[in-house]
Amino acid sequence: MNCLKTMMPLVAALSITFSMEAKRSYIFYADGVEEVEAVATVDALRRGGLEVVTVSITDNPIVTGATGQKLVADSLISQIDPKEAEWIIIPGGVPGAPNLHACQQVNDIILNQWNEGGKVAAICAGPAVVLAPTGILKGRKATCYPGLEKDLEQGGATYIKQPVVVDGRLITSEGPGTTLQFAGAILEATVGPTKATETMQSMLVNQ
């Protein structure tokens with residue numbers, strides 16, 4: 001039996017075809033980032049056709065994750081121009097999220113994206129620790145990692161106990177175990193429910 005022929009359906013299902021309509025999105029990496037959220041989000045979005053650039057917030061593309069894994073970012077924050085981005089995506093992790101919050105350039109990018117009518121997504125500690133202090137959550141519904149609800153609410157958000165919360169151009173999610181649901185929601189808001197469902201099904205994700 002020809003092994004290549006038997007693999008073709010799987011190869012087709014996992015193939016990545018970037019959408020010409022979707023703009024570039026950026027996800028930010030800091031030391032201490034939650035690796036599942038950092039990697040699985042990008043993996044699913046790229047499978048769904050989004051162009052996603054991973055960005056280190058330091059002058060080193062190599063970032064050490066929360067469990068000690070080394071991640072290599074596509075670019076440095078000093079090298080990107082995120083104006084008119086499709087999405088600005090903030091993963092969680094400790095001390096990853098606090099490190100993102102401590103980076104003024106990250107805060108400025110988030111604020112500019114939001115104020116210009118752009119879309120923002122964050123997961124785990126990201127909504128409470130990074131987004132809430134910027135003020136963009138005021139009057140919005142959001143979720144975050146359990147235990148950080150007060151931080152979310154101090155930022156003016158209404159906390160919703162759900163794996164993923166979509167409020168207009170804001171998407172938030174609870175944590176590592178909800179990462180693929182998070183990515184699916186971003187895909188649905190960008191390329192539509194059909195493509196999002198196809199992508200999740202190709203990854204054997206139960207929706």
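**Sheet, helices and side-chain contacts in a predicted model**

Strand β10 and strand β11 (residues 170-173) are paired in the antiparallel sense over four bridges; two strands count as paired if DSSP finds at least two bridges between them. Helices (H or I, at least four residues) and strands (E, at least two) are DSSP runs, numbered from the N terminus. The model is predicted, so local features need pLDDT of at least 70 and side-chain atom pairs count only at pLDDT 80 or more, while totals for chains, interfaces and linings use all residues. Residues are numbered from 1 along each chain as its sequence is written, and side-chain values use heavy atoms, with hydrogens and water left out.

In general, the strands of a sheet pair through backbone hydrogen bonds, either parallel or antiparallel.

The buried residues of α7 include T179, F182, A183, G184, A185, I186 and L187. Buried means under 20% relative accessible area, exposed over 50%, and partly exposed in between (1.4 Å probe, protein chains only). Among the elements that cover the buried residues of α7 are α2, β6, β7, β10, β11 and α8 (193-202). Just after α7, G192 has a positive phi of about 100°.

Six salt bridges are present in the structure, a salt bridge being a side-chain nitrogen of Lys or Arg within 4 Å of a carboxyl oxygen of Asp or Glu. One of them joins R47 and D43, whose closest N and O atoms are 2.4 Å apart. Both residues lie in helix α2 (residues 35-47), where R47 and D43 are four residues apart, about one turn of the helix. An α-helix has 3.6 residues a turn, so residues three or four places apart point the same way. R47 is partly exposed, with a relative accessible area of 21%, and D43 is also partly exposed, at 31%.

Another salt bridge joins the side chains of E86 and K119, at 2.4 Å from N to O. This pair links distant parts of the chain, 33 residues apart: E86 is in the loop between β5 (75-76) and β6 (87-90), and K119 is in strand β7 (residues 119-123). Both E86 and K119 are buried. R140 and D167 form a further salt bridge, with the closest N and O atoms 3.4 Å apart. Distant parts of the chain are again linked, with R140 in the loop between α5 (126-131) and β8 (141-142) and D167 in strand β10 (residues 164-167), 27 residues apart. R140 is partly exposed at a relative accessible area of 22%, whereas D167 is buried at 19%.

S56 lies in strand β2 and is buried, with a relative accessible area of 0%. Leaving out residues up to four places away in sequence, S56 touches Y29, P61, V63, A73, S75, L76 and I77. The side chains of S56 and T58 are joined by a polar contact of 3.2 Å. A polar contact is a pair of N or O atoms within 3.5 Å; within protein, one must be able to donate a hydrogen and the other to accept it, and residues adjacent in sequence count only if both atoms are side-chain atoms. A polar atom of the S56 side chain also lies 2.6 Å from the backbone oxygen of N60.

T58 is located in the loop between β2 and β3 (62-64) and is partly exposed, at 35% relative accessibility. The T58 side chain reaches the backbone nitrogen of N60 at 3.1 Å. T58 and D31 are 27 residues apart along the chain, and their C-alpha atoms are separated by 9.0 Å.

Terms used. Contact means heavy atoms within 4.5 Å.
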